[in-house]
Amino acid sequence: MHFSFEKKKRSKLYLSYTLFFLVGAFFMYGTYLITGHALIWDIDAANQHLPLLESYRQLVLDFWKHPNLTTWSLKMGLGSDTFQVYSYYVIGDLFNYLTLLIPAKFLVVAYQALIGLRLYFAGLSFIFVASHFNFQKRNLIAGAGVYLFNAFVLYASVAHPFFTTPFIIFPLLIWGIERVLQKKSAWPLLAVFTWMLISNFYFAFMLGIGALLYLALRVGFTYRHTLNYPQVFAKLAWATIIALLLAAGLLIPELYAVTSSTRAAASFANGLTFYPLYYYLALPSQLINGGNRDFYFWSALGFASIAFYAVTYVVIHAKRYPILCASFALSLVMFLLPFFGALFNGGMSPSNRWSLMLCLPMALAVCLLLEEAPNLSARTLKIFSLATLVYLIWISGNYFFDNDQKIFIPIIFLLVTLGFLYAQAYQINRHPQTLTGLVLINLLLNIVYYEAPYNGGFTDEALATGTYEKLANNRYDGLDSDLTASDNYRVSTISHNYYLGANYDMYNTLNASVHSITSYYSLQNKYLGNFMRSLQNIQYEATRPTQQVDDRSILNNFLGVQYIFSKINRDNSQKVPANYFLDRTSRKITDVNGQSSHDQQTRRYRTNLAFPLVYFQNQVFTPQHYRQLTASQKERALAEGVLVSQKASQNLPKKNLKDVTSQVIEVPIKIVSSRGNRISSQDLIKEDTNERYQILVAPTSKDFSAKDRQELLKKLANSEIHLEVTNIKYHPFSLQEQLALEKRNNYYAQTNGFMDQNLLALRYKYFHYHILQGSPDPSYTLAFETRNGTEEIVQRKQSSTSFYQVIKNGTVNLGSFSELPSSITFTPSKLGHYDFKLKLVALPLGENSSYQKQVQAIQRHSLQNFKVTPTGFSGNITINHAGILTSSIPYSPAWQVKVDNHKQTVLKTNQAFVGVKLKPGKHRVQFSYTIPGLKAGFYLSGLGLILLAISALISLFNRRRKSV
């Protein structure tokens, strides 16, 4: 395949592509339109992409009117570096800036239109680059269809619109490199490099590795004997260095944001050396499975069925097409080992998003096969037939094992395509365009197969048309209408309770009038993550570090949560944190059948114990003493004092740890199984799926009388109850042990029903289940149930990619109780060996508790005239003692503080929040935030512009000299 830079007229080609794209777009987007869906995914698009686009657009317009850089925002969860959030999603996406040209009321429509526009340009990019090969127009159109309408793009273009941008950049990257290799100008490569680097650091990293691989293959197979190495190296180095300098203004702050985020501590490849067996079993069928929605470890392929023959053809003729063959061989190796997925994913989870680059060689291979179809030899057709037989045997066997895959239509097209290839080769069909037409029909059916809202199509996961627009006014059923849009407090919802329908979970409330503690962004503050892990928040995730903090009362108070919203008749509706009272309700919608359990209503709860966002504490904890506390004690300590470094604690009164530990009271417990046996949590072997366990609370014994129990219950009235689960270890049974136990348990369960004892079918059923579950795997769930609801400690599967983390500890909030429950139901989800320490503790939070008095004292010492600005916050305070001004505003080394116009040292308080040491007196305090690396980045970008100008002048001078 010769990459030619011979000038060609491409206008008709682009017109034909445009017509084809419009047809494809009609099938793709028309599926959404006629079923009443918007191009808004109910998870990331509704919680991240669209809200951030709305917010960023307004920020840019405001900057245009008043050039003040917004560096920090209190609206992003607990508060965040704006650049850290925007840089990943919107800043580098050039298409987003088109929204500046339209009124805000059309933004939701424009967001969806941009999805189609990006996709159109991705195909246009392929057409432009592929036309440098000697392919006929119709085959280029088919190749563009393969490039665009595969499972990866069909999913990502809607779910994560900016994922489409790499499909535009990567072909141009190859084109730019090829220009340099063929002794042409490196200026186009510089432009593409720069775009790649500013678009998104994550994809820039991935595409950069892909470009290096292409360069190595191209030089190794094509140019190794003819290349002017010094000249080529100089051009590549020049383009790379200038591009890095030009992009430094965005790139350096982005790199800082990544390294200072919660993702920085992720384990490499989630600890996997090999993928689970189900992954390898399903991988071959994924190649042509256009309805593929499983995306095991993001191995998203789903090409038209002709892709199978295109790959086979390239492998058969490896000597003629070494680069394509090497690309497929390398891709296969990379698909087989988690190491490569993690490598391309920045050393984190094994996510094969790099497979987006495989779409280019796959589309080119399809173009190649379509060109050569009339000339296929008998040997090639024989190999095609044999390969098809082997492939079908594999797929059929796997389908018998896992029949959830949508493989029926792809197989039909596979066989029909083989028939067409025979017809072309033997000149039974003398119209080559019919094979191209077949490919296009296959692509269009794949689109419908993937998107249709039936049988699990992706449209089912999209919001209904107009739903997103209603969200702003109906997020809280109008219960926020009387709340002032204030920066002085936050709001939250009850865990696992607040559901708005349409599979939408409210992970983010960026543009709401009131500020929620929850946020959902790829890059989150690592100090906040450390804080949540230290307090063993079981809801912690790297992208959602806070969530609803498991409804823990003190944590909600500490974070300034003044209002909590809940929906009746939903999970945890009774699990309202302590000291939150019913404040307002929406109109109750009564069930038409009179079933009160189906009534609907939203309720707003209010507390008078919310901490100010910034306040003064005069007693401190040192790290040495703080480490001695349990998670519940650390939470209780938030009202007792403030944690600061050893150095900052000098000359300040230290809090006595007994004052904290005495406020967290351990309650004796005993665990018994449903079989009546007493169980130890440090040696729990679950062998029966139906076995349950009860944690008896304060059980009477020879050492603990009924009188002692009554006194304890009286003492702990109106307490919040926590289960501290620490040092968790889980060892699953081997696959053979699992199957043996399932067989045994089923036998005993069916002694009264011998007609159901089909042991062969049962063995297959359990074998099938455990293989598809990846057994043995380390995932599990520990569920704890009381009358307040059910709470879980969840160890996710290693296939959860970026959501995976190793869970060793978790403090479960069972809720507030006027009287301690007599028992707690405990259910481990899986068979296996469990080993953990279990402690039940109570935190008295009632009216007569010391906690309420401490909070009231904190409220009296709040920062007065608290004002939030685009770069920080400020206020006044008068104090009689030296101490620490602390907060629930996340810490970063980029914070600066002035006290009475004198610069002071910013302290990290309570592990994750900003503070400053103050002397007695009246003070004016100003915190300001600067984006880390931004100044250095802009200086480097300025240097890049200077070098670019010098290079342009030199290039212009040389061109004029040659023309003389």
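**Entry: β23 and β24.** I looked up the pairing of strand β23 (residues 864-869) with strand β24 (residues 872-879) in this predicted model. The two strands are antiparallel and share four bridges. I noted that glutamine 864 has asparagine 876 in β24 as its bridge partner.

**Entry: the six-stranded sheet.** I traced an open sheet of six strands and recorded the order β14-β13-β16-β21-β18-β19, with antiparallel pairing. Its edge strands are β14 (678-679) and β19 (789-795), each of which pairs on one side only. I next examined the contact between β18 (residues 780-786) and β19, where I found seven bridges joining antiparallel strands. Within this pair, phenylalanine 784 is bridged to glutamate 791 of β19.

**Entry: cysteines.** A disulfide is a covalent bond between the sulfur atoms of two cysteines. The cut-off applied to a pair of sulfur atoms is 2.5 Å. I checked cysteine 325: the closest cysteine sulfur, that of cysteine 367, lies 18 Å away, and this is too far for a bond. I also checked cysteine 367, whose closest cysteine sulfur belongs to cysteine 359 at 13 Å, again too far for a bond.

**Entry: burial of these cysteines.** Are cysteine 325 and cysteine 367 buried or exposed? I found cysteine 325 buried, at 16% relative accessibility; it counts as buried because the value is under 20%. Cysteine 367 is likewise buried, and I recorded a relative accessible area of 0% for it.

Technical notes: Residues are numbered from 1 along each chain as its sequence is written. This is a predicted model: local features need pLDDT of at least 70, side-chain atom pairs count only at pLDDT 80 or more; totals for chains, interfaces and linings use all residues. Side-chain values use heavy atoms; hydrogens and water are left out. Two strands pair if DSSP finds at least two bridges between them. Buried means under 20% relative accessible area, exposed over 50%, partly exposed in between (1.4 Å probe, protein chains only).
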